[in-house]
Amino acid sequence: MFNHAPRRAIALTVMLMAGSAGASDADLTIEVGGALFEHGGVVTIYPIPVPPEELPVQDGKAAGRVTVTSRYAEVQLKYPKDGKYVFRFLSPEGAADDQKLGTQALSVIGTDMEDRGPQMTVGFKDAYSSGGQVIRVLPRAEHAGESDAARTNARWGKVEGKDALPPADERGARSLAAILRYGGSDFTFHCVGDTSVQVCTIPQNQWPTLDMRWWRDIAEARLERLDYHALRRCYDSSWLGGGTCDPDPKSNEPAYFRK
């Protein structure tokens with residue numbers, strides 16, 4: 001059943017158009033490798049509209065190719081205002097057929113009343129994006145694990161071993177994106193690239209702290225779900241309705257009793 005990832009997750013190619021079909025394209029290929037390819041993570045894409053004359057163009061197109069190995073990255077892509085941009089994800093060069101990349105679009109980042117998305121604080125600093133997209137790179141085990149059990153465990157975020165990294169299942173990936181999009185002031189980004197594309201990642205020496213924060217957020221989210229389901233079971237336990245559900249002080253996990 002799970003020998004192959006869903007079609008939507010095998011490869012992700014996106015093209016957005018914002019007006020004149022005659023404007024030069026910005027075409028970006030993102031090659032995924034390292035920890036991101038093996039364990040999964042998040043890549044946030046921020047397209048940045050600029051006047052066409054400000055874009056360096058080669059072979060009729062701007063942008064090019066970048067490699068991302070960090071489990072979280074922000075990719076800032078300049079494209080011609082009133083034009084269009086394209087980006088795609090690729091497996092590492094030479095990857096076997098059973099090691100192809102899996103991706104999932106998690107969310108779309110919107111714009112304000114002036115059609116401006118988030119303003120960049122690093123990379124193309126102070127530039128406004130035209131929104132963005134948050135993409136999950138699936139852990140390789142989720143779509144290419146050796147057994148149904150291995151693929152299911154990866155999809156559920158189940159990991160083993162004292163040195164296990166935080167899982168990048170869908171819930172885990174959303175936790176990581178939330179930490180760095182809304183709590184990013186705790187961490188600093190380092191950006192590399194050129195005048196068309198900037199790739200911003202968290203330096204390696206900050207990842208032990210980030211991993212602990214990520215694990216904590218995953219644990220809090222799972223406890224919150226346990227609490228919700230326990231409370232719901234309590235209220236659903238009576239056909240008559242009414243009454244209240246109070247926490248069970250003798251339980252060592254979320255549990256409620258009906259009064």
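What is the volume of the largest pocket? In this predicted model, the largest pocket has a volume of about 470 Å³. A pocket here is an open set of points on a 1 Å grid over the protein atoms alone, with protein on both sides within 12 Å along at least five of seven lines, and a cavity is a set of points where a 1.4 Å probe fits but cannot get out; lining residues have an atom within 4 Å of a point. Grid points are joined across faces, edges and corners, and the volume is the space filled by probe spheres set on the points.

The model is predicted, with local features needing pLDDT of at least 70 and side-chain atom pairs counting only at pLDDT 80 or more, while totals for chains, interfaces and linings use all residues. Residues are numbered from 1 along each chain as its sequence is written, and side-chain values use heavy atoms, with hydrogens and water left out.

The protein contains 6 helices and 12 strands; these are DSSP runs numbered from the N terminus, with helices (H or I) of at least four residues and strands (E) of at least two. Of its 259 residues, 41% count as buried, where buried means under 20% relative accessible area, exposed over 50%, and partly exposed in between (1.4 Å probe, protein chains only). Among contacts (heavy atoms within 4.5 Å) between residues at least 6 apart in sequence, 75% join residues at least 24 apart.

Returning to the largest pocket, its lining is made by 20 residues, and P139, A141, A154, K158 and V159 lie nearest its centre. The elements giving two or more residues to this lining are α2 (34–39), α3 and α4.

Helix α4 (residues 148–156) has R151, T152 and A154 as its buried residues. Seen down the axis of α4, these fall within an arc of 160°, so they line one face of the helix; the arc is that of the directions from the helix axis to the C-beta atoms. An α-helix has 3.6 residues a turn, so residues three or four places apart point the same way. The buried residues of α4 pack against α3 (140–144). Just after α4 comes G157, with a positive phi of about 80°.

Beyond its neighbours within four places in sequence, L36 is in contact with G41, V42, V43, V68, T69, S70, R71 and V137. For one of these, R71, the separation is 35 residues in sequence but 4.6 Å in space, C-alpha to C-alpha.

Helix α5 (residues 170–182) has 13 residues, and its end C-alpha atoms are 18 Å apart, which agrees with the span of 18 Å that should follow at 1.5 Å a residue. The expected span is 1.5 Å times one less than the number of residues. Within α5, G172, A173, S175, L176, A177, I179 and L180 are buried, and the buried residues pack against β3 (41–50), β5 (72–80), β7 (103–109), β8 (132–137) and α6 (207–235).

Helix α6 has 29 residues and reaches 42 Å from its first C-alpha to its last, close to the 42 Å expected. Its buried residues are W207, L210, D211, W214, D217, I218, A230 and C234, and what covers them includes β5, α5, β11 and β12.

The loops complete the picture. D82, in the loop between β5 and β6 (84–90), has a positive phi near 65° although it is not glycine, and is partly exposed at 45% relative accessibility. D115 lies in the loop between β7 and β8; its phi is also positive, near 65°, and D115 is exposed, with a relative accessible area of 55%. In the loop between α6 and β11, D236 is exposed at 54% relative accessibility, and its C-alpha atom is separated by 10.0 Å from that of R258, 22 residues apart along the chain. E253, in the loop between β11 (245–247) and β12 (256–258), is exposed as well, at 52%. E253 and D227 are 26 residues apart in sequence and 8.2 Å apart in space, C-alpha to C-alpha.
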